Amino acid sequence: MSSTKTIGIIGGGQLGQMMAISAIYMGHKVITLDPASDCPSSRVSEVIAAPYDDVDALRQLSDRCDVLTYEFENVDADGLDAVIKDGQLPQGTELLRISQNRIFEKDFLSNKAQVTVAPYKVVTSSLDLEDIDLSKNYVLKTATGGYDGHGQKVITSAEDLEEANALANSAECVLEEFVNFDLEISVIVSGNGKDVTVFPVQENIHRNNILSKTIVPARISDRLADRAKAIAVKIAEQLNLSGTLCVEMFATADDIIVNEIAPRPHNSGHYSIEACDFSQFDTHILGVLGAPLPAINLHEPAVMLNVLGQHVEAAERYVTENPSAHLHMYGKLEAKHNRKMGHVTLFSNEPDNVVEFGKGIDF
Ligand code: AMP
């Protein structure tokens, strides 16, 4: 029997494209579902061009593929449940439901996985904000639909609370205590339904709530790094994880606090393509196929810089001046402001000297 599989990927952006590249060099075939026939994955795979909630298109993908996966968490879980065959989606739809809703996610993280999260409460209307203690700071986040800081309100004053009340009356929310973190970090972990493998701890720097730079290994103590990895493994084991998951966390002086999980390869793990012996996309594909997973080694300290629409020329110039830096461009046709167009990975022991594109100019 051939070990070549046809893998169906829901979503043909850069994550789907890089998953497809891993799958292809392992000998598999890829079919992508994406609303845009010229999506980044169209460079490397056949595309079924249809909306994500088009049940007929999902059924076609299911009929033609051995295994299904997704590149983003807002996939229609009910639609998928209606078409997938037994075992065809190793990641399952439960993990999708958890990561689509911050209320389920917090409940899963604190009660099932039993990892530390910021103190929080569920807010169903502004009435739930009436008695909050304004000597502390908070972040109010909508339960669904938020990303990159959208659907969030930081509360540090009575004025902020006014705006937060409006948000709380518009949607179900989670109110979290504001964490005075030293660093934002993340850990990539991959599973094959039985075993897991974990990547080094990544340090993440955001600009305007968009990831700008990832430094690996994160500049935290070995003790905290071990704790961060152990937390990621604990979450993965609790999920019987298949495929790649990213755990985003805050590192304080002496603790690690989990912020959220993304059940897919993550922007902060892109450095692994060159800097590790297997990338987060390789282990994703191995994981969803139920194949044995390798231990992960970081070759050398690395830095990843995101290339947004306004940075394309600067990035192209950068790699002509620094030819040992790896430029990835995703093949997006239009370089819109703040749109993720590509990234650059380079090896460096001096991450502070690696300057983000556009820093101080047009972020
Ligand atoms: P999120 O959508 O949950 O990833 O939040 C977006 C960004 O808001 C994070 O990357 C943090 O910089 C910040 N943030 C979110 N939650 C908190 C919190 N509880 N305390 C402090 N900063 C936060």
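At 17% relative accessibility, Y318 counts as buried, the term being applied under 20% relative accessible area, with exposed meaning over 50% and partly exposed in between (1.4 Å probe, protein chains only). The model is a predicted one, in which local features need pLDDT of at least 70 and side-chain atom pairs count only at pLDDT 80 or more, whereas totals for chains, interfaces and linings use all residues. Residues are numbered from 1 along each chain as its sequence is written, and side-chain values use heavy atoms, with hydrogens and water left out.

Y318 forms an aromatic pair with F357, edge-to-face, with 5.5 Å from centre to centre and 85 degrees between the planes; rings of Phe, Tyr and Trp (its six-membered ring) pair if their centres lie within 6.5 Å, and planes under 30 degrees apart count as stacked, over 60 as edge-to-face and the rest as tilted. Y318 belongs to helix α10 (residues 312–321), while F357 lies 39 residues away in the segment after β16 (340–347); helices (H or I, at least four residues) and strands (E, at least two) are DSSP runs, numbered from the N terminus. F357 is likewise buried, at 6% relative accessibility.

The whole structure holds 3 aromatic pairs. In one of them, the ring centres of Y52 and F72 are 4.7 Å apart and the planes stand at 55 degrees, so the pair is tilted. Y52, in the loop between β3 (46–49) and α2 (55–64), and F72, in the loop between β4 (67–70) and α3 (77–83), are 20 residues apart. Y52 is partly exposed at 22% relative accessibility, whereas F72, at 19%, counts as buried.
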